[in-house]
Amino acid sequence: MKYILSIDAGTTSSRAILFDKMGQAKATAQHEFPQYFPKESWVEHNATEIWATQLKAIREVIDSEGISIDDIAAMGITNQRETTVIWDRKTGEPVHNAIVWQDRRTASICDELQAEASTFLTKTGLVLDAYFSGTKIKWILDSDPSLRKRADAGELAFGTIDTWLIWNLTEGKVHTTDVTNASRTLIFNIHSLEWDQELLELLNIPVSLLPKVVSSSEIVGETEASVLGKAIPISGIAGDQQAALFGQLCINPGDVKNTYGTGCFCIMNTGEKAVVSHNKMLTTIGWQLNGKITYALEGSVFIAGALIQWLRDQLQIIDAAPEIEALANTVENNGGITFIPALSGLGAPFWDPEATGAIMGITRGTQKGHIARAALEAIALRSRDIIVEMQKDAGVHFANLKVDGGASNNDLLMQLQANILNKAVIRPDTTETTALGAAFFAGLAVGFWKDEAELQTIWKENKSFQPQNDPNTQDCIDLWEKRIPKVLK
Ligand code: ADP
């Protein structure tokens with residue numbers, strides 16, 4: 001067997017990638033699907049469209065030149081997390097559009113349950129927020145009395161996107177999710193590893209709705225021959241951020257990865273300990289492998305690459321995001337500029353939704369290059385804020401930072417990050433860390449790869465950035481710390 005098929009079910013597109021034994025992507029297919037915004041702050045997907053685009057992508061990679069389905073050892077799935085689908089067990093038809101993780105319609109349900117916030121936090125590691133699946137399930141069932149009735153009669157099934165795809169791949173034979181996806185639902189106890197009766201009652205969710213929870217790496221079933229032409233074992237499942245953590249081989253406590261996209265997603269392996277954050281970072285399950293749970297801490301920065309988009313679209317000092325690097329390289333340092341990227345408030349560790357952005361330190365000598373450089377520094381400094389707090393929470397020291405995402409291709413940003421953290425920053429050879437993580441989980445379960453030690457022999461870096469002793473670094477950190485309080489309300 002030559003390949004593992006990885007399914008990367010993202011927020012805007014469905015992708016399929018075939019990885020070989022060396023972890024190299026051999027074939028890729030991708031199809032976007034529509035996003036629906038029925039009301040202010042509502043975001044929906046049509047689950048049937050997700051399945052159709054996913055199936056198309058899978059068939060395309062299998063049909064790629066030189067690929068035979070007989071060469072595929074197993075399939076792994078990684079997915080946008082928290083997005084909630086409810087369907088009829090008999091017909092397989094969704095009863096409502098999927099409510100996407102970004103959707104805020106259930107914020108008022110969270111407000112009503114505030115008195116129980118600490119119960120949710122203690123059991124699930126999550127803050128009580130509309131982001132997670134629990135209140136979305138409640139909203140769908142409450143939206144129509146007939147749905148509530150059908151749910152109580154055991155006629156409906158809930159799933160995150162992994163569960164939905166596996167249901168369809170197995171033609172309704174398997175109703176399952178893994179611990180990482182379950183840990184984002186607000187109804188799964190991350191310590192006892194069970195759906196939590198008390199939380200289900202608080203949200204009025206019948207247990208009959210819920211999938212069986214399995215580990216991230218085990219055979220959960222096989223695809224129906226009628227779907228792909230052949231039965232392929234499904235043997236790996238993980239939510240996207242957790243899959244990326246594993247795909248980056250952050251397998252020891254303290255190992256940490258940061259994804260530089262529109263925002264930054266930072267996640268740190270905390271080993272067997274479910275660390276409680278003092279800064280509203282989320283405690284979550286990294287994965288379950290060979291029976292053992294690995295926990296993680298997760299924090300995010302709302303505005304990262306989005307700051308570069310703002311410079312492109314609003315200020316128009318660049319035409320395309322990658323041009324920011326050359327512009328920032330036209331100057332030697334930030335010229336005393338600090339760019340506070342609070343374009344939609346400031347998250348951890350400041351937690352000030354009212355804060356607004358600022359460009360400070362402007363003089364007659366200020367050039368656009370200084371602003372470009374300060375913007376890149378801002379992304380690195382916000383990431384530092386998060387990572388330093390995580391390190392304090394976890395009580396571990398990290399050796400280096402693994403990076404991925406669109407903006408990690410910016411060498412100057414990565415060098416600034418290394419300087420600002422005073423740690424090496426390592427960019428992997430593959431940019432597909434999320435899909436690779438799902439492939440690793442699937443491959444380990446079927447003996448395609450023997451163990452994590454073997455994975456380490458195939459994992460390659462593209463470039464590492466060592467911290468440089470640059471006098472500008474401390475100046476920029478000092479200015480940041482002095483100026484941040486000025487934007488807090
Ligand atoms: P997402 O998955 O959130 O859509 P991507 O990983 O595709 O994000 O990265 C796109 C983001 O990264 C955009 O916000 C863009 O402005 C930023 N970006 C892309 N390339 C660069 C670059 N070379 N330097 C800085 N930012 C970049």
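Helices (H or I, at least four residues) and strands (E, at least two) are DSSP runs, numbered from the N terminus. The model is predicted, so that local features need pLDDT of at least 70 and side-chain atom pairs count only at pLDDT 80 or more, while totals for chains, interfaces and linings use all residues. Residues are numbered from 1 along each chain as its sequence is written, and side-chain values use heavy atoms, with hydrogens and water left out.

**The second largest pocket**

- A pocket is, on a 1 Å grid over the protein atoms alone, an open set of points where a 1.4 Å probe fits, with protein on both sides within 12 Å along at least five of seven lines, and its lining residues have an atom within 4 Å of a point.
- The second largest pocket has a volume of about 300 Å³, a volume being the space filled by probe spheres set on the grid points, which are joined across faces, edges and corners.
- Its lining is made up of 18 residues, and Gly-305, Ile-308, Ala-321, Gly-406 and Ala-407 are those nearest the centre.
- At least two lining residues come from each of α11 (305-313), α12 (323-328) and α13 (368-394), and α11 gives the most, with 4 residues.

**Nonpolar cores**

- A nonpolar core is a set of buried Ala, Val, Leu, Ile, Met, Phe, Trp, Tyr and Cys residues joined through side-chain atoms within 4.5 Å, where buried means under 20% relative accessible area (1.4 Å probe, protein chains only).
- The largest nonpolar core has 60 residues, and Tyr-260, Phe-339, Leu-376 and Leu-401 have the most contacts inside it.
- Helix α13 provides the largest share of this core, 13 residues.
- A second, separate core has 40 residues, including Ala-47, Trp-87, Val-220 and Ile-237.
- Apart from neighbours within four places in sequence, Tyr-260 is in contact (heavy atoms within 4.5 Å) with several residues, among them Ile-379, Leu-401, Gly-406 and Ala-407.

**Covered helix and strand**

- Helix α6 (residues 161-169) is mostly covered, with 9 of its 9 residues buried, and among them are Trp-164 and Trp-167 as well as Asp-162.
- After α6 comes Glu-171, whose phi is positive, near 50°.
- Strand β22 (residues 424-428) is also mostly covered, with 5 of its 5 residues buried; Ala-424, Ile-426 and Pro-428 point one way from the strand, whereas Val-425 and Arg-427 point the other way.
- Strand β21 (residues 400-404) runs parallel to β22 and is joined to it by 3 bridges, two strands being paired if DSSP finds at least two bridges between them.
- In this pairing, Asn-400 stands opposite Ala-424.

Terms used:
Buried means under 20% relative accessible area, exposed over 50%, partly exposed in between (1.4 Å probe, protein chains only).
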